[in-house]
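Reader: I would like to go through the labels attached to this model and hear what each one rests on. Please set the values against the cut-offs.

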Amino acid sequence: MEFIVTTKAQRPAEMNGKCFYCQQPIGDVHKSTCVLISKKVKVRMIVEYDIEVPAHWDKNKIESHRNDGTWCSNNALDELKNLSDEQGCLCNVMEFECLSDEGEPFLDEE
């Protein structure tokens, strides 16, 4: 699949009639390795961190509360934000796995 370079591929740092990233002239085809050619993929984010729960809760109660109860998973965003504020970086608690790589390429010059 080929994608034509447009003026949108320029960046303010270099308005020279070329794609800022692959340096192909406007009107030519982006190089296949240009970062403006994207695709959607599915990833899994694996996060491990400590939380506080009532002392009498067992594994089943904790998992039920988090997965099936009224607790909203959006609350984890606040937990991760607090953890980030404390540690400065979440790299030591997160890992990513690519689950599928079947997306069709598309041009994203914005």
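Reader: Why is Gln23 called partly exposed?

Author: Gln23 has a relative accessible area of 31%. Buried means under 20%, exposed means over 50%, and partly exposed is what lies in between, with a 1.4 Å probe and protein chains only. The value for Gln23 falls in the middle class, so the label is partly exposed. This is a predicted model, in which local features need pLDDT of at least 70, side-chain atom pairs count only at pLDDT 80 or more, and totals for chains, interfaces and linings use all residues. Residues are numbered from 1 along each chain as its sequence is written, and side-chain values use heavy atoms, with hydrogens and water left out.

Reader: Ala9 is found in which part of the chain, and is it counted as buried or exposed?

Author: Ala9 belongs to the segment before strand 1, which covers 37-38. Its relative accessibility is 0%, so Ala9 counts as buried.

Reader: Which residues is Ala9 in contact with, leaving aside its neighbours within four places in sequence?

Author: The partners of Ala9 are Lys18, Cys19, Phe20, His30, Leu36 and Glu109, where contact means heavy atoms within 4.5 Å. Pro25 is 16 residues from Ala9 in sequence, and their C-alpha atoms are 9.6 Å apart.

Reader: What makes up the largest nonpolar core?

Author: Six residues do: Val5, Ala9, Cys19, Cys22, Cys34 and Leu36. A nonpolar core is a set of buried Ala, Val, Leu, Ile, Met, Phe, Trp, Tyr and Cys residues joined through side-chain atoms within 4.5 Å. Cys19, at 0% relative accessibility, counts as buried, and Cys34 does too, at 4%.

Reader: How many salt bridges does a search of the whole structure find?

Author: The search finds six. A salt bridge is a side-chain nitrogen of Lys or Arg within 4 Å of a carboxyl oxygen of Asp or Glu. Side chains of opposite charge can pair when their charged atoms come close.

Reader: What makes Glu110 and Lys8 a salt bridge?

Author: Their closest N and O atoms are 3.2 Å apart, which is inside the cut-off, so the pair qualifies. Glu110 has a relative accessible area of 68%, so it is exposed.

Reader: How do you know that Arg44 forms a salt bridge with Glu97?

Author: The closest N and O atoms of Arg44 and Glu97 are 3.4 Å apart. That pair also links distant parts of the chain: Arg44 is in strand 2 (residues 42-47) and Glu97 in strand 3, 53 residues apart. Arg44 is partly exposed at 41%, and Glu97 is partly exposed at 35%.

Reader: What separates Asp85 and Lys81 in helix 2?

Author: They are separated by about one helical turn, because they are four residues apart in helix 2 (residues 75-87). Lys81, at 48% relative accessibility, counts as partly exposed.

Reader: Why is Phe96 called exposed?

Author: Phe96 has a relative accessible area of 53%, so it is exposed. Phe96 lies in strand 3, residues 94-100. Not counting residues up to four places away in sequence, it touches Arg44 and Met45. Phe96 and Arg44 are 52 residues apart in sequence, and 5.7 Å apart from C-alpha to C-alpha.

Reader: Which residues make the nonpolar surface patch of about 380 Å²?

Author: Val41, Val43, Met45 and Phe96 make it. Patches are made of residues with over 30% relative accessible area and no salt bridge; like charges are joined within 9 Å, and nonpolar side chains (Val, Leu, Ile, Met, Phe, Trp, Tyr) within 5 Å. Accessible areas come from the Shrake-Rupley method with a 1.4 Å probe, and for residues only the protein chains shown count as cover.

Definitions and conventions:
Helix = DSSP H or I, 4+ residues; strand = E, 2+ residues; numbered from the N terminus.
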